[in-house]
Amino acid sequence: MRSDLRDTRRWLLAHAHALAWNGAAFLFLGASFFELVARSEPRLGVATLLLGSGALAGVIGNAHRIEVLKVFGLEARTRQVVQEAEGVIASLREVAAEFGAVMVETLSSANGFADRNTYRVRDAQRRRVLDALRGLGVPADRITAVGLADREQVIAAYAHGVLKSLHRAAKGTPLQETVEAPILAWNEGGDTPSTAALRAVARSLPAPVPAAEALLADMEHYSANGEHRRPDVWAARGDW
């Protein structure tokens with residue numbers, strides 16, 4: 001037992017430097033994304049500095065893996081050393097991307113149920129998260145994937161907007177219950193209505209509802225391409 005404790009103590013002492021710096025790296029990354037999301041007016045400069053500090057701390061924490069040959073003050077790194085350093089940085093970028101995806105998804109959690117100002121603030125925070133990842137050198141395709149982390153919430157927001165438009169048009173008519181049926185099913189835990197289901201509801205009304213038709217086209221475009229057909233309308237979704 002004492003031998004195990006001594007071995008554990010020796011291991012902790014031998015790796016204390018690496019453990020401390022790697023712990024600091026995760027703290028810096030967490031603080032950066034907290035800065036981006038929790039503050040009503042996030043400071044992009046501070047968040048970027050924290051992300052950069054996290055990357056630097058990660059490199060220092062793994063310095064024991066990097067062998068450097070010093071000749072007259074100049075450092076010559078072998079191919080293996082460069083690959084190891086790049087691997088550490090790539091891992092930190094991946095961690096940052098994972099944090100970013102969580103933040104993007106969290107920021108979209110109130111789609112369809114917030115006011116216009118809340119959407120404005122959250123959209124700005126979302127842009128700051130993606131900009132911070134670009135500043136860290138996260139690959140473009142990975143940033144695109146992070147930007148789509150809230151895809152389901154965005155589609156649900158469009159569906160919510162379509163149903164609101166149809167409900168306004170049918171309110172006070174015999175067709176009101178027809179429009180309310182998918183709303184009730186959705187509220188009870190059902191799946192987000194598909195564009196086909198929403199079009200079926202729209203066709204049940206005596207006349208087309210232009211606002212609903214336009215949002216249906218937006219919903220179909222986003223579902224197929226992962227981008228907004230009318231970004232200005234999406235930004236004003238609090239008024240749908």
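Biologist: Which exposed residues are carried by the face of α5 turned away from its buried side?

Modeller: That face of α5 carries the exposed residues Asp141 and Thr144. Exposed means over 50% relative accessible area, buried under 20%, and partly exposed in between, with a 1.4 Å probe and protein chains only. This is a predicted model, in which local features need pLDDT of at least 70, side-chain atom pairs count only at pLDDT 80 or more, and totals for chains, interfaces and linings use all residues. Residues are numbered from 1 along each chain as its sequence is written, and side-chain values use heavy atoms, with hydrogens and water left out.

Biologist: Which residues of α5 are buried, and why are they on the same side of α5?

Modeller: An α-helix has 3.6 residues a turn, so residues three or four places apart point the same way. In α5, Ile143, Val146 and Gly147 are the buried residues. They lie on the same side of α5 because they span an arc of only 100° around the axis, taken from the directions from the helix axis to the C-beta atoms.

Biologist: How many helices and strands does the protein chain have, and what percentage of its residues count as buried?

Modeller: The protein chain has ten helices and two strands, which are DSSP runs numbered from the N terminus (helices: H or I, at least four residues; strands: E, at least two). Their order from the N terminus is α-α-β-β-α-α-α-α-α-α-α-α. Of the 240 residues, 34% count as buried.

Biologist: What is the volume of the largest pocket, and which elements each supply at least two residues of its lining?

Modeller: The largest pocket has a volume of about 390 Å³. Its lining has 20 residues, and Arg126, Leu130, Gly147, His228 and Trp234 are the closest to its centre. A pocket is an open set of points on a 1 Å grid over the protein atoms alone where a 1.4 Å probe fits, with protein on both sides within 12 Å along at least five of seven lines; lining residues have an atom within 4 Å of a point. The volume is the space filled by probe spheres set on the points. At least two lining residues come from each of α4 (116–135), α5 (140–147) and α10 (231–235), and α4 gives the most, with five residues.

Biologist: How many aromatic pairs does the structure hold?

Modeller: A pair of aromatic rings is described by the distance of the centres and the angle of the planes. The structure holds four such pairs. One of them, Tyr158 and Trp234, is tilted because its planes are at 45°, with the ring centres 5.1 Å apart. This pair links distant parts of the chain, with Tyr158 in α6 (residues 151–170) and Trp234 in α10, 76 residues apart. Rings of Phe, Tyr and Trp (its six-membered ring) pair if their centres lie within 6.5 Å; planes under 30 degrees apart count as stacked, over 60 as edge-to-face and the rest as tilted. Tyr158 counts as buried at 1% relative accessibility, as does Trp234 at 9%. Tyr158, Tyr222, Trp234 and Trp240 form one aromatic cluster.
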